[in-house]
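Let's take a tour of this structure together. Keep the 3D view open and follow along.

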Amino acid sequence: MSNQDMDTQLASIQEEFKVKSSEVKSITDVDAINDYFFNRKKGKLTNVLRGLKSIKDPAEKKNLGKLANETKIEILAKLDKLALEYKSTTAKMSNFDVTLPGKTPSLGRIHPLRQVQEELVDIFYSMGFSVHEGNELENELYCFEYLNIPATHPARDLQDTFYVKKYQNSDIEEVLRTHTSNMQVRIMEQQKPPLRIVVPGRVFRNEAIDASHEHTFYQMEGFVVDEDVSISNLTYVLKEAMSKILQQSVQIRLRPGYFPYVEPGFEADCSCVNCDGKGCKTCKYTGWVEMLGCGMIHPKVFESAGYEAGKYTGFAFGIGINRLAMLKYGIPDIREFMKGDLRFLDQF
Amino acid sequence: MKLSLNWLKEFVEINETPERISELITMHIAEVEGFENQAESLKHIVVGKVLEAKRHPNADNLNIGQFDVGEDNARQIVFGGKAVLKAGDMIPVALPGAHIGEITISERKLRNEISQGMCCLNSEIGILDNEEKLHFFDNSVTTGTPISEVLKLNDVIIEIDNKTLTHRSDLFNHVGFAREIAVVLQKELNIPALLEAEQSDEIKFTVEVEDPKSCPRYMGVVLNNIKIKSSPDWMQARLVSVGVRPINNVVDITNYVMMEYGQPLHAFDFDKLNGNKIIVRRAKKDELFVSLDNKNHKLDENTLVIADDNNPTALAGIMGGLTSEISDKTTTMALESANFEPTIIRKASSKQSLRTEASTRHEKGLGFIFPELGFWRAIELLVEHANAKVASSIKNVNQGRPQKKEQSLSLEFIERLIGMQISREKINEILTGLSFEIINDQEGVLTIEVPDHRTDISNEQDLIEEIARMIGYDAIPVTPLLGLLEPSIREKTTYIGEQLIHQLSAWGAREVMNYSFYGTEDVEKLELSEEKHIEIVNPMNPDQQYMRQTLLAGLLKSIKYNQDNQYKNISLVEYGHVFFPNNEFSVVAGVISLEDNSVFYKAKGLVEELLIRHNIKVLLKPLEDSDERENTNYQVFNPAADAIYTAGKSQIATIGLIKQNILDKYDISGSIAFFTIHLPRFVELSSKTTKFKKINLLPKIDLDISIEVTKEINWNMIQAEIVKSAGKYLESAELFDVYEGDKIDENKKSLGIRMFFQAKDRTLTMNEAEKIRTNIVDQLSKKFNAIHRF
Ligand SMILES: [Zn+2]
């Protein structure tokens with residue numbers, strides 16, 4: 001048998017196998033194919049393999065040997081699969097234990113705060129809101145002054161805000177932003193209304209940490225500015241967004257609240273999803289769960305941004321991402337988020 | 001702040017249930033945290049009469065008594081040694097079912113003796129003075145009567161969250177809330193008119209305000225003939241119910257008036273003052289002062305004091321002094337009712353760590369009218385309940401009544417901001433009800449005169465809030481937001497940073513979030529320089545003193561934390577900001593841990609895959625050779641295994657093995673590879689536009705070679721030589737195996753390389769490919785002394 005013949009033969013064996021395997025109807029057919037190619041005396045592939053011995057040239061022998069072997073492995077693997085499909089009762093196949101544990105792929109984890117934040121961002125992005133993050137180190141003008149929080153306001157006290165030592169010649173103090181509202185005036189200065197913006201990001205408060213307080217947490221500020229934006233639009237946006245996040249239709253209830261950069265200011269409650277507003281332990285039997293602070297943008301803020309007085313109206317709201325994540329996943333202790341503990345992170 | 005419903009009812013008719021009125025207050029005025037129904041909380045606590053009392057046979061500090069609680073049979077009750085009881089005493093007894101704090105009383109055995117109730121101290125059930133003592137009822141009281149009935153404790157106490165009152169200095173009192181409730185309920189407000197007292201010239205008295213800016217108004221008078229005693233029961237009960245401890249009639253009256261009208265008052269023992277003068281002045285530097293609560297304070301010029309001829313005798317608006325305190329022997333007093341500048345009060349109160357009911361009110365800024373309301377009401381009560389007589393002229397030092405604020409209000413703007421139309425009648429009703437006056441109405445614009453007590457009103461939107469909240473926010477319809485439909489955008493660095501985190505996590509990394517700070521300890525461990533860091537003025541603790549310039553410190557601590565919990569071979573990534581003077585930017589960084597140094601290649605593969613996915617072409621250089629290594633934290637890396645990815649002049653990423661001594665300092669086992677990606681640069685270079693390349697459908701030939709070279713020949717050099725000597729038909733050359741070990745020379749390594757050959761226009765023959773291979777092998781052996789093995 002010449003080398004050329006052998007090549008051709010292997011090719012025809014592959015062809016022949018394709019035809020035969022496509023006609024298999026039962027396990028008997030599978031066994032017959034097995035016998036046809038691999039019978040120890042007259043099997044077609046057995047014969048070819050036997051012929052290898054007679055090749056003299058070592059390089060040629062290696063090449064053809066490799067090819068023949070690959071053909072054999074390929075056909076055997078396919079026969080195994082066929083046997084499995086036709087529920088072979090042969091000993092080898094019945095040992096296939098489908099109840100053994102699957103091999104878990106090594107997928108990582110996204111931090112639960114990011115998961116909640118992304119969910120929020122996706123909802124607002126879909127409603128036409130642009131997304132900005134901004135800097136965490138901010139000067140006190142954008143963090144406070146421009147937002148109608150003058151130097152005399154209690155929020156400016158050292159016990160609430162982290163201040164940084166001056167590293168440059170400037171009268172303006174720099175602070176770690178206490179809210180992502182720092183971006184309100186920055187964005188208003190760069191863009192003209194209509195504005196629909198959300199600002200998710202890290203914020204800081206200088207307060208002792210315990211199960212419900214962290215000095216580092218995540219917040220999402222949102223604001224809308226246009227010529228005729230009203231309280232009734234605010235309720236609409238919150239109702240739509242909260243319904244999406246909580247995956248059911250909810251009611252929003254506004255009541256008086258106080259934040260210096262909005263007027264009027266509101267606390268927004270969301271109808272309790274646990275009891276459908278009928279009253280339960282989660283909502284302290286009121287049917288409402290406190291959700292976020294919001295309000296109509298204060299004229300002083302527009303003034304800071306250089307907007308013409310009375311031309312625009314707008315609303316702003318701030319969502320605590322940690323709080324939402326705790327509510328959503330039932331996490332009792334806010335300190336878990338920043339611990340880096342895989343026993344925690346791997347749960348999400 | 002606590003509100004007594006009975007007290008409110010003196011000024012406005014309220015028929016609503018406690019639940020309903022609480023809800024209305026929450027919805028229209030300020031958040032109600034909860035309410036306490038006194039009769040409810042004192043349920044099952046009745047008047048009991050001691051029939052006999054004896055020592056408990058099995059316990060030295062317990063007694064056993066038989067009590068008549070108005071039932072057929074007497075009850076046996078075990079009580080503590082604190083109560084000295086004798087037959088005939090009438091005291092509060094809690095029967096089974098009563099709630100004392102968290103405990104529900106039930107019948108039980110105490111040291112083998114049955115106890116069918118409990119004797120209650122005032123402090124245990126929050127009645128009267130709230131002290132740890134027993135109240136004895138008059139013998140005329142029928143046994144078994146609920147004590148709430150006997151003590152007339154039928155009030156409902158509503159707790160308001162002060163946070164929602166931040167801007168409303170006028171609401172820290174009952175009259176203020178009553179005014180708002182009257183509007184909510186659409187009822188009359190009945191505030192009794194206050195009579196101005198007649199003055200006298202019996203005692204000479206002067207008031208001198210040195211700093212009128214800090215004290216815009218000071219009213220004072222001397223009263224004599226005072227008889228100090230307990231204040232009337234009803235007054236004590238009211239004070240206790242709103243959380244104030246009764247002391248004596250004079251002090252109780254000042255507190256009562258503060259809770260009623262919102263004006264803090266102070267009473268000085270006039271005989272203890274040096275001279276006849278009250279001076280309002282700044283404290284001198286290091287001046288000493290002992291406050292009522294017997295604490296020493298060192299003052300400075302930023303603190304306002306009330307002084308006599310020699311010494312400070314009160315911290316203005318915060319607390320009185322010990323020396324002029326009203327005592328049992330007081331017969332003559334000076335009464336103070338004043339306005340102080342809010343900031344000076346807040347700063348002094350925070351500096352001296354003294355927060356009082358008075359400072360809470362003053363630091364919010366009380367309107368000009370408050371001092372006179374409190375003043376006249378207090379004199380009225382002092383005359384009635386402390387036998388007082390006005391003995392001096394009445395001082396009223398001020399710069400004149402400030403002009404009333406006027407604010408215009410456009411009807412069109414009301415509708416625009418609220419999103420619904422509101423009738424003129426309703427607007428009138430609400431504003432007038434809240435004591436605003438409509439002084440002009442022209443072409444849809446109202447001119448509103450703001451009442452003196454509303455210091456918070458300064459613009460149109462403030463007035464619209466009044467209208468909207470009184471109508472009720474729940475009455476405002478929900479209207480879809482309309483506007484120009486424009487494509488929204490996402491800040492690119494954040495967005496791509498998040499993408500990278502997702503890509504890394506798909507590959508197996510876990511995302512952590514660490515603090516943005518670290519301390520001296522980390523700076524030292526990582527061999528960073530403290531001076532270059534931005535420092536926090538007021539850190540939580542020294543471990544959080546510096547703003548981070550690398551995410552490495554936090555990531556290493558996370559590795560350590562999890563290694564301690566038996567996690568091995570983990571990969572952690574983080575998105576975060578780093579801070580340099582005038583330069584804050586975001587990075588994505590990661591640490592990968594493995595047993596050995598091969599972890600470097602894992603990190604490298606990962607970073608390169610991210611670069612490829614985002615179409616960024618980079619150059620890899622060992623960090624050692626890089627001229628820009630100053631800007632990297634190169635010192636954390638093992639100098640033999642670090643590298644930097646650059647594109648043009650831009651450093652995009654660094655990777656490397658963390659030095660062993662740093663790992664030792666963090667007590668981390670195994671090897672750690674660290675990478676950090678500069679996001680703004682990454683984003684700048686990343687491009688989404690991929691150019692399609694025609695797919696070559698012609699057959700490809702793959703051929704392997706296996707070569708042995710000395711260890712200093714690196715893969716980059718070999719690959720470059722293969723590309724050079726292969727010519728145009730080489731499609732790619734991949735390293736699939738590296739072997740170093742026993743089977744070859746110790747200074748050598750063996751590399752397995754697979755090459756793919758392909759022509760663009762025809763089928764390449766095996767012969768051609770083999771020729772190219774031979775040439776490659778020849779060149780490799782010429783250049784690097786490579787030995788080719790089959
Ligand atoms: Zn509920």
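Which protein donors does the zinc ion have, and how far from it do they lie? They are the SG atoms of Cys272(A), Cys275(A), Cys280(A) and Cys283(A), lying 2.2 to 2.3 Å from the zinc ion. (Donors are N, O and S atoms within 2.8 Å of the metal, or 3.2 Å for Na, K and Ca; water is not among the atoms, so sites may look incomplete.)

Before going on, a word about what you're looking at. This is a predicted model, where local features need pLDDT of at least 70, side-chain atom pairs count only at pLDDT 80 or more, and totals for chains, interfaces and linings use all residues. Residues are numbered from 1 along each chain as its sequence is written, chains are lettered from A and ligands numbered from 1 in the order in which they are written, and side-chain values use heavy atoms, with hydrogens and water left out.

Back to the zinc ion. Its four donor atoms subtend angles of 106 to 112°, so the arrangement is tetrahedral (four donors count as that if all angles lie between 85 and 135 degrees). For tetrahedral donors, the ideal angle is 109.5 degrees. Along the sequence, the donor residues follow the spacing C-x2-C-x4-C-x2-C. Cys272(A) and Cys280(A) are both buried, meaning under 20% relative accessible area with a 1.4 Å probe, protein chains only.

| Domain of chain B | Residues |
|---|---|
| domain 1 | 2-39 + 156-185 |
| domain 2 | 43-150 |
| domain 3 | 206-398 |
| domain 4 | 405-475 |
| domain 5 | 492-685 |
| domain 6 | 701-789 |

Taken over C-alpha atoms, the centres of domain 2 and domain 4 of chain B are 57 Å apart.

Next, look at Thr356(B), in the loop between helix H9 (342-351) and helix H10 (357-362) of chain B. Helices here are DSSP runs (H or I, at least four residues), numbered from the N terminus. Is Thr356(B) buried or exposed? With 15% relative accessibility, Thr356(B) counts as buried. Its C-alpha atom is 52 Å from that of Gln499(B), which is 143 residues away along the chain.

Finally, find helix H12 (residues 411-418) of chain B. The buried residues of this helix are Phe413(B), Ile414(B), Arg416(B), Leu417(B) and Ile418(B). Just after H12(B) comes Gly419(B), with a positive phi of about 90°.

Conventions
Domain bounds come from an automatic or database domain assignment. Four donors count as tetrahedral if all angles lie between 85 and 135 degrees; four count as square planar and six as octahedral if opposite donors are over 155 degrees apart and all others between 65 and 115; anything else is irregular. Buried means under 20% relative accessible area, exposed over 50%, partly exposed in between (1.4 Å probe, protein chains only). Helices (H or I, at least four residues) and strands (E, at least two) are DSSP runs, numbered from the N terminus.
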